[in-house]
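Me: I'm new to reading protein structures and would like to go through this one with you. Could we take it one question at a time?

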Amino acid sequence: MAPLQNQHNPDAGQPLPTFIPMRIGIDARIIAYRRGGIASYIRHLLPALAALDPDTDYRVLRHWRDRTRGETGPNVRRATVWTPCHHRLERWALGVEIAPLRLDLLHSPDFIPPAFGARYFVITVHDLNFLYYPQFLTAESRRYYNDQIAWAVARADHILAVSEATRTDLIHLLGVPPEKVTTVYEGVSPAFRPLPPDETRKTLSRYGLTPGYLLFVGTLEPRKNLPGLLTAYRILLDRGETQRPLVIVGGKGWLYDEIYERVATLHLENTVRFLHEVPDEDLPAFYNGAALLVMPSFYEGFGLPALEAQACGTPVVISDRGSLPEVAGAAAVTVNPDSPEDIAAGIARVLGDPGLQAALRAAGPAHAARFTWEQAARGVLAVYRSVIARRTV
């Protein structure tokens, strides 16, 4: 398989530009509130940056409620701040707090930079779900994101997109100049790999599980299309195409009541298992023990669980929307998320075809190996240096 190419990040995989002394801040406040998604992105990117770039002075902005210690290396220091995430005054309050740090550049992985406080600003936009599907958010969240996104992309000196799908959305939906957006893919932790069967069974036994279940991993929120998955699962049960349990791993997000209502309506209480608090270190065993991972999302900005499952050698069924076909590539079966019948057919196709299962298990790890956090850190660091060098000329 050819090496992963990224036409909009020509520095990825190339020697980094000449060293420029920098003091860079990374906004990690969201770690105090959430585990997955953007918080996971920050937790993986930080050590990769510190290892790749030991000469830069990194300041990690952590909310005072965050008691974890995620700093790595002598050049990475914690900067405690009081401004909460997603506060209506955070643009100004955070700017006041970080001004004494004298940052050359602030990276905002949660996409909203302060109005001032650093010389330059880089943001990461993970998706524009709230523009495509405003009905999938609470009224308060819709107001917040819609009021912030246009300002944020205009304020930023450069924008990181985690997929070409997100980059295209930024250009077409918000009119961002193409040269202002660089795609830098996320990475897969080395912890996600094929495990010895005994190790997998030992971990799963603590949850009362045995290998062979169907698996979903992700936050319980509308865009993940769990009601559609549950309807597809009911179809499979009624047709006798599977008797395997469906295991749903992920924390509760928002507007999730319909998911539990669908379980009750479809009489799936005895075959669907919800696990909301699975530690990160146990996730590789969950992937290894699954017959397949199904990810029928209406929209994803990246779709990391699909890659994590592939890295473990687990067959993957994904929707044909957003970034998922781009990220999972040919090592996955695609389905129409609007059609529970098609979701069911995709799952049945994998379960009923041992040859296809073997092909997906073989192709997955090789495909996922193309996405590393070291490569992501190289791309991000190249953007940092480019912004500072370009702006100081």
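Reply: Happy to! Axes here are lines fitted to C-alpha atoms, for helices over the stretch in contact, and angles run from 0 to 180 degrees between N-to-C directions. Please keep in mind that this is a predicted model.

Me: Are H7 and H12 parallel, perpendicular or oblique to each other?
Reply: Helix H7 covers residues 226-239 and helix H12 covers residues 340-351, and the two pack with their axes 8 Å apart. The angle between them is about 60 degrees. Angles under 35 degrees count as roughly parallel and 65 to 115 as roughly perpendicular. The pair H7 and H12 is therefore oblique.

Me: How many nonpolar residues does the contact of H7 with H12 have?
Reply: On the H7 side, the meeting residues are Gly228, Leu229, Thr231, Ala232, Ile235, Leu236 and Arg239. Their partners in H12 are Pro340, Glu341, Ile343, Ala344, Ile347 and Ala348. By class, this contact has 2 polar residues, 2 charged residues, and a nonpolar count of 9.

Me: In the crossing of H10 and H13, is the hand left or right?
Reply: Helix H10 (residues 304-311) packs against helix H13 (residues 354-368) at about 120 degrees, and their axes are 7 Å apart. Leu307, Gln310 and Ala311 of H10 meet Gly364, Pro365, His367 and Ala368 of H13. By class, 4 of the residues in this contact are nonpolar, 3 are polar and none is charged. As for the hand, H10 passes H13 in a crossing that is left-handed.

Me: Within what arc do the buried residues of H2 fall?
Reply: Helix H2 spans residues 90-98, and its buried residues are Glu90, Arg91, Leu94, Gly95 and Ile98. Looking down the axis of H2, these buried residues line one face of the helix, so we can describe them by an arc, and that arc is 125 degrees.

Me: Is histidine 86 buried, partly exposed or exposed?
Reply: Histidine 86 sits in the loop between strand S3 (76-81) and H2. Its phi is positive, about 60 degrees, although the residue is not a glycine. Buried means under 20% relative accessible area and exposed means over 50%. Histidine 86 has 25%, so the residue is partly exposed.

Me: And what about asparagine 225, is that residue buried or exposed?
Reply: You will find asparagine 225 in the loop between strand S8 (213-217) and H7. Asparagine 225 also has a positive phi, near 65 degrees, in a residue other than glycine. The relative accessible area of asparagine 225 is 4%, so the residue counts as buried.

Definitions and conventions. Residues are numbered from 1 along each chain as its sequence is written. This is a predicted model: local features need pLDDT of at least 70, side-chain atom pairs count only at pLDDT 80 or more; totals for chains, interfaces and linings use all residues. Side-chain values use heavy atoms; hydrogens and water are left out. Helices (H or I, at least four residues) and strands (E, at least two) are DSSP runs, numbered from the N terminus. Angles under 35 degrees count as roughly parallel, over 145 as roughly antiparallel, 65 to 115 as roughly perpendicular and the rest as oblique. Contact means heavy atoms within 4.5 Å. Ala, Val, Leu, Ile, Met, Phe, Trp, Tyr, Cys and Pro count as nonpolar, Asp, Glu, Lys and Arg as charged, and the others, Gly among them, as polar. Buried means under 20% relative accessible area, exposed over 50%, partly exposed in between (1.4 Å probe, protein chains only). The arc is that of the directions from the helix axis to the C-beta atoms. A crossing is left-handed if the near helix is turned anticlockwise from the far one by less than a right angle, and right-handed if clockwise.
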